[in-house]
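Trainee: I'd like a close look at just one part of this model. Could you walk me through it in one go?
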Amino acid sequence: MLAIAAGNTALQSVLPALGRSLGVADSAVAAVFSVSALLWVVAAPYWANRSDRYGHRAMVLLGVAGFTLSLLLCGLFLVLGINGVLAPVATFIAFILARMIYGIFGAAAPPAVQALVAGRTSRDERTRALTLIASAFGLGTILGPALAPYLVLGDLWPGGPEIGLAGPAFFAALFGLIILVAVLRLLPQDESHTHGGAVGYPSIGGQGTGASVTATVGDQSQRVGFFDKRIRAWIIVGLVIGHAQAMTGQAIGFLVIDRLGVSPMDALQPTGLVLMMGAGAALLAQWGLIPLLDLKPRALVIVGVAVGALGCVATGSATSLYGIATGYALASLGFGFARPGFTAGSSLAVGAEGQGSVAGKVTSINGAAFVLGPSIGVGLYELWRPLPYLAAAAGLACLLGYAWFSLRPSSPATGASPAR
């Protein structure tokens with residue numbers, strides 16, 4: 001789980017620099033991950049159901065194989081583009097096709113992993129074990145951008161083809177191959193009838209919020225629709241928060257290049273630093289401040305949306321690395337409060353029998369935000385550099401008023417706590 005998330009986000013973090021160095025439009029870079037995220041959102045529930053029918057081990061193998069093959073092909077196509085064998089547009093078309101493999105098949109592994117863990121733990125141990133698995137997925141979204149600048153390679157041999165910014169893709173594919181061999185040799189066949197929940201697309205800023213855990217352990221005897229009046233306001237809140245986070249996160253690499261006035265290669269480490277600051281702030285909220293403060297879901301959303309709006313304004317108006325990193329960390333801190341608030345509020349709005357269904361809706365909303373959000377953000381960035389951040393801040397400001405009047409305090413009688 002950690003490897004899948006780290007490999008995906010490592011590639012995301014270097015792609016703005018790669019697109020600029022090849023001379024393709026910024027919006028084409030965003031489209032790469034929008035297509036992949038869309039396929040993941042569609043495929044994840046499908047594979048979660050097939051895992052129960054065809055065996056969890058087979059689905060883990062399929063997911064890791066899809067991840068490995070996709071990253072290997074991405075690296076090969078990027079090397080061809082970097083060395084001028086493929087034209088920039090052809091490089092990105094081929095890259096999108098390779099990413100489609102990941103979007104379709106990579107989503108098979110996380111639900112199967114959850115089902116395997118659920119089948120090998122007692123009921124009392126299950127939630128804690130699944131939470132550790134989800135934390136590994138979230139930790140991978142931090143490690144990927146942190147390690148990516150150190151995985152950029154030089155020439156394959158003196159005077160040979162340049163690997164350059166394709167390095168993170170090859171390292172991720174190598175690690176995927178090692179895991180694939182380990183699964184084949186070490187993971188026994190699983191005969192349990194446990195179920196794994198669909199997991200959101202691993203993306204920069206998209207740390208998990210516990211919905212996949214609830215989907216795995218929660219009762220699914222009652223189906224709850226997106227427009228059910230009990231969760232409708234929470235769904236709207238989650239959709240706006242998710243899009244604001246996806247818009248701002250995907251444009252941050254371009255912002256660092258342009259505001260600092262550096263070359264794409266020289267922007268890698270500053271970009272990694274900014275993304276690490278943001279991821280660290282989000283996890284500080286989720287793993288430290290939320291359990292400490294014990295805020296209820298409505299308060300988490302209101303505080304998080306207000307802090308996130310201020311952070312977006314600060315990021316969009318910053319002119320230095322310190323300003324960008326501080327503003328992005330502030331925005332991420334707000335999202336780190338608001339997203340668990342949305343998850344817990346949706347859970348607490350229904351009874352025990354609807355937990356699995358609501359958790360599935362939460363996961364869908366989190367994933368849907370990373371389908372259009374990156375392309376919207378980068379498209380606005382191409383019009384005017386501060387625009388995606390100011391638009392996100394304006395959307396969050398409107399959401400603050402909506403949340404104040406529409407969200408009702410949650411009863412803690414059922415569902416998941418914000419800390420979980």
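Which helices and strands do the buried residues of helix 7 pack against?

Mentor: Some ground rules before the details. This is a predicted model, where local features need pLDDT of at least 70 and side-chain atom pairs count only at pLDDT 80 or more, while totals for chains, interfaces and linings use all residues. Residues are numbered from 1 along each chain as its sequence is written, and side-chain values use heavy atoms, with hydrogens and water left out.

Now, helix 7 covers residues 167-186; helices here are DSSP runs of H or I, at least four residues, strands are E runs of at least two, and both are numbered from the N terminus. Its 20 residues reach 28 Å from first C-alpha to last, close to the 28 Å expected at 1.5 Å a residue (that is 1.5 Å times one less than the number of residues).

The buried residues (under 20% relative accessible area with a 1.4 Å probe, protein chains only; exposed is over 50%, partly exposed in between) are Gly-167, Pro-168, Ala-169, Ala-172, Ala-173, Gly-176, Leu-180 and Val-183. To your question: they pack against helix 1 (2-22), helix 3 (56-82), strand 1 (153-155) and strand 2 (162-164), with contact meaning heavy atoms within 4.5 Å. An α-helix has 3.6 residues a turn, so residues three or four places apart point the same way.

Phe-175 also sits in helix 7, and it counts as partly exposed because its relative accessibility is 48%.

Zooming out, the protein chain has 14 helices and 2 strands, and 56% of its 420 residues count as buried.
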